[in-house]
Amino acid sequence: MPHALVRDPRALGSHTFDLLVIGGGIYGLTVAADAAQRGLHVALVERNDFGSGTSFNHLRTIHGGLRYLQTLDIARARESIHERRTLARIAPWAVTPLPFVLPLHASLTRGPAAMRIGFLLDRLVAGDRNDGVPASHHLAAGRVLARDEALATYPDLDGTDLTGAAVWFDYVTRDADRLTLAWAIAAAAAGATLANYIEVHALIASAGHVVGARATDRTTGETLEIRAAQVVNATGGSIDRLLAPFGAATGLPLLQAVNVVTSRPAPPAALGG
């Protein structure tokens, strides 16, 4: 039986936690679940619904780092492969294999020859992509299709001036909210205290160390002080809001994505431009 998520804001101020996680997107929830499973006394707060920010509005793809091979960032590619494989192993119900198809043109750096080299490198780097993964979720290695085979296999490419197509496989999570909530349930089952609609408006510092946060229960207007030995700021695009008063703003550049919704049914493969 799934563990019930019980919202009890009073528990947040009752004692000092080992870890306070601010932000209930999928990153914050996975941090809370992992820490609680290691035996730490964990609290997590979110100012809106769990997973209502970036964790809701994203492309829902679980990629294996193929893009990082363009810059020979092998370490980051390996990390992506490992994380993709882990998710398919522990939550196969949450992800589905999906082919990605990129039309290729006569180009030295983006043509068939370049992609064949990239896929060869990927075979070496991702040779263990399917270790421990259910057979239903095994991912084939990427390959380059000749023009005629590409058009016959993916008719949606018709009308494109291409010399061939690159095909590789990653996962897509079709119900991202369910995956996000699963991490919340796992954190609660491991003993973490979770509460949404708790908005943190300031961090508490002592002797140069963050020791908690001041927050407001948005459902009642009650103010809270949450104490913890360690604090994780998992607020995504709002990360600098809490850090700026301490002169510790990251200044990280953020990207804004635009998703276009059409009435045309989606093809069975993700087609690149």
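**Figure 1. Strand β4 and its partners.** Strand β4 is joined to strand β11 (residues 270-271) by 2 bridges, and these two strands run parallel. Within this pairing, Val 101 stands opposite Leu 271 of β11. Strand β4 (residues 96-104) is also joined to β6, by 9 bridges, and here the strands run antiparallel. Phe 100 stands opposite Trp 168 in β6. Two strands are said to pair if DSSP finds at least two bridges between them. Helices (H or I, at least four residues) and strands (E, at least two) are DSSP runs, numbered from the N terminus. This is a predicted model, in which local features need pLDDT of at least 70 and side-chain atom pairs count only at pLDDT 80 or more, while totals for chains, interfaces and linings use all residues. Residues are numbered from 1 along each chain as its sequence is written, and side-chain values use heavy atoms, with hydrogens and water left out.

**Figure 2. The chain as a whole.** The chain contains 6 helices and 11 strands. Its C-alpha atoms fill a box of roughly 65 × 45 × 40 Å, taken along the principal axes. Of the 273 residues of the chain, 38% count as buried; buried means under 20% relative accessible area, exposed means over 50%, and partly exposed lies in between (1.4 Å probe, protein chains only). A contact means heavy atoms within 4.5 Å. Among the contacts in the chain with a separation of 6 or more, 65% come from residues 24 or more positions apart.

Figure 3. Helix α1 covers residues 26-37, and its 12 residues should span 16 Å at 1.5 Å a residue; the end C-alpha atoms are 16 Å apart, which agrees. The expected span of a helix is 1.5 Å times one less than its number of residues. The residues Gly 28, Leu 29, Ala 32, Ala 33, Ala 35 and Ala 36 of α1 are buried. These buried residues pack against β1 (16-22), β2 (42-46), α5 and β7 (193-196). After α1 comes Gly 39, which has a positive phi, near 95°.

**Figure 4. Helix α2 and the residue Arg 85.** Helix α2 (residues 74-90) has 17 residues, which should span 24 Å at 1.5 Å a residue; its end C-alpha atoms are 24 Å apart, in agreement. In α2 the buried residues are Ala 77, Ser 80, Ile 81, Arg 84, Arg 85, Thr 86, Leu 87 and Ala 88. They pack against β3 (61-62), α3 (112-125), β6 and α5 (176-189). Arg 85 lies in this helix and counts as buried because its relative accessibility is 14%. When neighbours within four places in sequence are left aside, Arg 85 is in contact with Asp 128, Arg 129, Asp 131 and Val 133.

**Figure 5. The loop residue Pro 134.** Pro 134 is located in the loop between α3 and β5 (143-146). Its relative accessible area is 28%, so Pro 134 is partly exposed. Not counting residues up to four places away in sequence, Pro 134 touches Ala 88, Arg 89 and Pro 92. In sequence, Pro 134 and Arg 89 are 45 residues apart, whereas in space they are 6.8 Å apart, C-alpha to C-alpha.

**Figure 6. The loop residue Asp 156.** Asp 156 is found in the loop between α4 (147-153) and β6 (164-172). Asp 156 counts as partly exposed because its relative accessibility is 36%. Leaving aside neighbours within four places in sequence, Asp 156 is in contact with Arg 264, Pro 267 and Leu 271. The C-alpha atoms of Asp 156 and Gly 53 are separated by 32 Å, and the two residues are 103 residues apart along the chain.

**Figure 7. The cavity and its lining.** Rolling a probe the size of a water molecule over the atoms shows where empty space is left. On a 1 Å grid over the protein atoms alone, a cavity is a set of points where a 1.4 Å probe fits but cannot get out, and lining residues have an atom within 4 Å of a point. Grid points are joined across faces, edges and corners, and a volume is the space filled by probe spheres set on the points. The structure holds 1 cavity of 30 Å³ or more, and the largest cavity has a volume of about 100 Å³. The largest cavity is lined by 13 residues, of which Arg 84, Asp 122, Arg 129, Phe 169 and Asp 170 are the closest to its centre. Both α2 and β6 supply at least two residues each to this lining, and β6 gives the most, with 3 residues. The lining of the largest cavity divides into 7 nonpolar, 2 polar and 4 charged residues. Here Ala, Val, Leu, Ile, Met, Phe, Trp, Tyr, Cys and Pro count as nonpolar, Asp, Glu, Lys and Arg as charged, and the others, Gly among them, as polar.

Technical notes. On a 1 Å grid over the protein atoms alone, a cavity is a set of points where a 1.4 Å probe fits but cannot get out, and a pocket is an open set with protein on both sides within 12 Å along at least five of seven lines; lining residues have an atom within 4 Å of a point.
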